[in-house]
Amino acid sequence: MTREEERIYDGEHGWANQTCMRILVRLGQLFGAERLIPIGSAHVSGVSYKTLGDAPIEFLRTLADSGGTVKVKTTLNPQSLDSHYLRGKLEESLQKPQLDILRQFEKMGLTKSLTCTPYYLQRLPRGSHHAWAESSAVVYANSVLGAWTNREGGPSALAAAIIGKTPDYGIHKAENRRPNVRVKVEAKVHNETELGALGIFLGKTLGDKIPAIIGLQKTSNDDLKQLCAAIATTGMTNMFHLDDDKTAREKERIDVNSNQIERTVDELSSGRGEPDLVFLGCPHCSLDEMKRIAGFVEGGQVRAGVEFWVCTSCHVRRAASAYVKSIEKAGGHVLDGVCTVVSWTEKLGIRTIMTNSAKTAYYAPVLNKAEAVLAPMKDCLESALQ
Ligand code: F3S
């Protein structure tokens, strides 16, 4: 530690800074870090009251009341309700603690971004260091954007935000970012849903290894987002390389065929009946996805008895106001700052969720007590409309 870091550690800068420094130093000791490094941004998960519960609220309040303030741009993951649609449907006892959580974060200077796609709000220079929680965003930042972040937990991301530094270990070090397993995709992967299924399959198979994935057809960043989210859902992989055959040639090899992808899609599709919710936006929709959805529903009407939700950030929602209008005109709901998985769908009587997201399909049976139907965006939209 530097002299200044030692002073913070010893409490000269108050309890909040001391507590955060102690969290970071302990983490660094556990993983053999030799120093703290400055970060460009932080992203904090554990925002939804549904997944957070009551216990951590007191800790957040004490941190905020003791002068905890973030030193770098710090964004927040989705909460459990939105201010437009769900707020009117959920009981007061669920809303009040959620608002309390947001108030504490705001007091500490966090940006109320409420999104799992913070990379749409800021440009991350390649090779820059960050402290992000939210596993899907971590894999996207490392693999697609070339930024460097470990997979933080909510508390360690918040501690890093308040100190402005993170311990130098894991994939903050160049030697730990090299691929150590070669994944050959022999299957033809047709759409974002199958990319998600590939991610679920690989997450289970890889543990925390870093794959070099070869054989994937060229695909958009929006579709890659599904692979990022899914691979982190079932495993501890924090990044992958695409088409890096040279560095991966000598490594352990895993082949993925069509049967494995199809079987994974089938396993994730537990629902056999008609969906009562069609959900797009896990991870949160980009502007381009909003445009595609709006173009598809233009002139159509959502079927009676079906909820159609599109989740995104308030930032993208503002930029997509014309698309939002089209979706709402068709009877859909654009929900910002929230996500289906961390909201209270079971309290709204939703029992079957149709989605293009393998991550949502994986979590829905446990976190939403709902069956899932996993299908590409186009099929989801066709199912939602009359
Ligand atoms: Fe985001 Fe919720 Fe999916 S936080 S990645 S939309 S489960």
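Contact here means heavy atoms within 4.5 Å. This is a predicted model, in which local features need pLDDT of at least 70 and side-chain atom pairs count only at pLDDT 80 or more, while totals for chains, interfaces and linings use all residues. Residues are numbered from 1 along each chain as its sequence is written, and side-chain values use heavy atoms, with hydrogens and water left out. Helices (H or I, at least four residues) and strands (E, at least two) are DSSP runs, numbered from the N terminus.

View 1. Helix α6 is mostly covered, with nine of its eleven residues buried. Buried means under 20% relative accessible area, exposed over 50%, and partly exposed in between (1.4 Å probe, protein chains only). The buried set is Ser135, Ser136, Ala137, Val138, Val139, Tyr140, Ala141, Asn142 and Val144. These buried residues pack against β4 (129–132), β5 (148–151), α9 and α15 (358–368). Glycine 146 follows α6 and has a positive phi, near 75 degrees.

**View 2. The packing of α6 on α9.** Two packed helices are described by the angle between their axes and the distance between the axes. For α6 (residues 135–145) and α9 (residues 221–234), the angle is about 125 degrees and the axes lie 8 Å apart. Axes are lines fitted to C-alpha atoms, for helices over the stretch in contact, and angles run from 0 to 180 degrees between N-to-C directions. The α6 and α9 pair is therefore oblique. Angles under 35 degrees count as roughly parallel, over 145 as roughly antiparallel, 65 to 115 as roughly perpendicular and the rest as oblique. On the α6 side, Ser135, Ser136, Val139, Tyr140 and Val144 make the contact. On the α9 side, the contact residues are Asn221, Leu224, Lys225, Cys228, Ala229, Ile231 and Ala232. By class, the α6–α9 contact has eight nonpolar residues, three polar and one charged. Ala, Val, Leu, Ile, Met, Phe, Trp, Tyr, Cys and Pro count as nonpolar, Asp, Glu, Lys and Arg as charged, and the others, Gly among them, as polar.

**View 3. The five-stranded sheet.** This open sheet has the order β13-β12-β11-β14-β15, with parallel pairing. Two strands pair if DSSP finds at least two bridges between them. β13 (333–336) and β15 (371–374) are at the edges with a single partner strand each, so one side of each has no neighbour in the sheet. From one strand to the next, the twist averages 25 degrees. Four bridges link β11 (residues 277–280) to β12 (residues 307–312) in the parallel sense. Leucine 280 sits opposite valine 310 of β12. Helix α12 (residues 287–297) lies across β11, β12 and β13, at about 155 degrees to β12.

**View 4. Strands β7 and β8.** Four of the five residues of β7 (residues 181–185) are buried. β7 runs parallel to β8 (residues 211–214), joined by four bridges. Valine 181 has proline 211 of β8 as its bridge partner.

**View 5. Two buried side chains.** Arginine 317 belongs to helix α13 (residues 314–319). Arginine 317 counts as buried at 15% relative accessibility. Beyond four places in sequence, arginine 317 touches His84, Thr312, Val324, Glu328, Val334, Leu335 and Asp336. Methionine 108 lies in the loop between α5 (92–107) and β4. Methionine 108 is buried, at 0% relative accessible area. Its contacts beyond four places in sequence include Leu60, Leu63, Ala64 and Ile162. The C-alpha atoms of methionine 108 and glycine 67 are 7.5 Å apart, although 41 residues separate the two along the chain.
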